Amino acid sequence: MSDSFEQIQAARRARMQAGLARRYAADRRFRLLGLSAIVFSALVLAFLLVSMTSNGIAGFQRAELRLTVPLKGTVLIDPSRLAQADPLGGLESAGLPMAVDGAADQAFGTGGAGLLGNGAWRDLGQAIIDKPAMLDQPDATVSLPASDDLASAMRGGGEPALQATAKRLMGEGKLVRAFDWGFLVRSDATSPQAVGIWGALKGSMMTMLVTLLLAFPVGVLSALYLEEYAPRNRWTDLIEISINNLAAVPSIIFGLLGLAVFLGLFPNWRSAPLIGGMTLALMTMPVIVISGRNAIKAVPPSIRDAALAMGASPIQVVFHHVLPLALPGILTGTIIGMARALGETAPLLMIGMRAFVASAPSSFVAPSSVLPVQIFLWSDEIDRGFIERTSAAIVVLLVFLLLMNGLAIYLRNRFEKRW
């Protein structure tokens, strides 16, 4: 009997050891899978950032021709006129375009003026406006944008004769690719050499500001009411279900709503950041309400009980204790909603923010574009130059998104309180 009992105990211990070994093996496999998922995600993110950055570097550059333009005795204008309303017009009538064309013909041979981009003289004109003392100098050595055809030939496209010309000028150091600071301060144009991102970037910032000012307070107050004050009945349940369903509605539906309601009420504000912001606020609000309610639920009931025991009124409990403790979670939901709104294109296309806008919006009701729509429009162009500009615009959008999220994370950590 003793031997039989010991054999049974040994078998039990063996089964226990085998079970423990299986559990430890399963734990190791789970850890390995989790680590593999993290590594895979990091590699995908790194690949995305590297590919976007490498493609975007070319988009931040443009082909430029270096030449020397005679100024003194050629451009006849009083420097005091540069302070007037239309200084570029004054330089144009004073002969600056003719001076630039003549210098190009002399530097690059017959027809050299055709190698410059349309309106290339305006870059020199703006430099003169910024520094009128240049007119007292005999000449100015500048880099002016090349034509689209020459820029394409520089990349290996276009006609063979123009490719040979581009190769010759590159060998002479007269045709170069330089960082285009103007890309960050110009607006849309028909030429990839002249386009800029500032108009769409300013439109995005104005649209996001309207979205935040509308969606955040309404969403937070709605979450507070539903969680702290609303009675528990079928109407409250219906509202909660509706909000949850709205968070999953395709974004283009909100675009149709904005087209029917907002543009129906304000037809003259088509493509305006105000209309775009109101449309995106409708889409963002359910996300803020849902995240706000979850953050408010996470506040321990003991906080409320302690505040009431100290003599605080119900509204003081909500705004002095519950809301500050729930604010980090609310800001997290706001980050998610605003990030989604920043990258949306479909609802903004529905309200007309796809038009060609050659200047940055001057007000919240002026015609404007936004970064996602600008990227969409440029990606549809045939010219390879626009494809490079598209990559650069994507980099700007990612940086804008990182800055916005960084600010939100800072605010969330700033207001975070522990209990």
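Let me begin with a definition: a residue is called buried when its relative accessible area is under 20%, exposed when over 50%, and partly exposed in between, computed with a 1.4 Å probe on protein chains only. What we have here is a predicted model, in which local features need pLDDT of at least 70 and side-chain atom pairs count only at pLDDT 80 or more, whereas totals for chains, interfaces and linings use all residues. Residues are numbered from 1 along each chain as its sequence is written, and side-chain values use heavy atoms, with hydrogens and water left out.

I will start with Arg293, which counts as buried because its relative accessibility is 12%. Its side chain meets that of Glu240 in a salt bridge at 2.9 Å, N to O, where a salt bridge is a side-chain nitrogen of Lys or Arg within 4 Å of a carboxyl oxygen of Asp or Glu. Glu240 lies in helix 8 (residues 234-246) and Arg293 in helix 11 (residues 273-297), so the pair ties together parts 53 residues apart in sequence; helices here are DSSP runs of H or I with at least four residues, numbered from the N terminus. Glu240, at 18% relative accessibility, is buried as well.

Now to Glu227, which lies in helix 7 (residues 198-229) and is buried at 16% relative accessibility. Leaving aside neighbours within four places in sequence, Glu227 is in contact, meaning heavy atoms within 4.5 Å, with Arg232, Arg293, Ile296 and Lys297.

Finally, the structure holds 14 salt bridges, one of which joins Glu64 and Arg62 at 3.0 Å, N to O.

Definitions and conventions. Helices (H or I, at least four residues) and strands (E, at least two) are DSSP runs, numbered from the N terminus.
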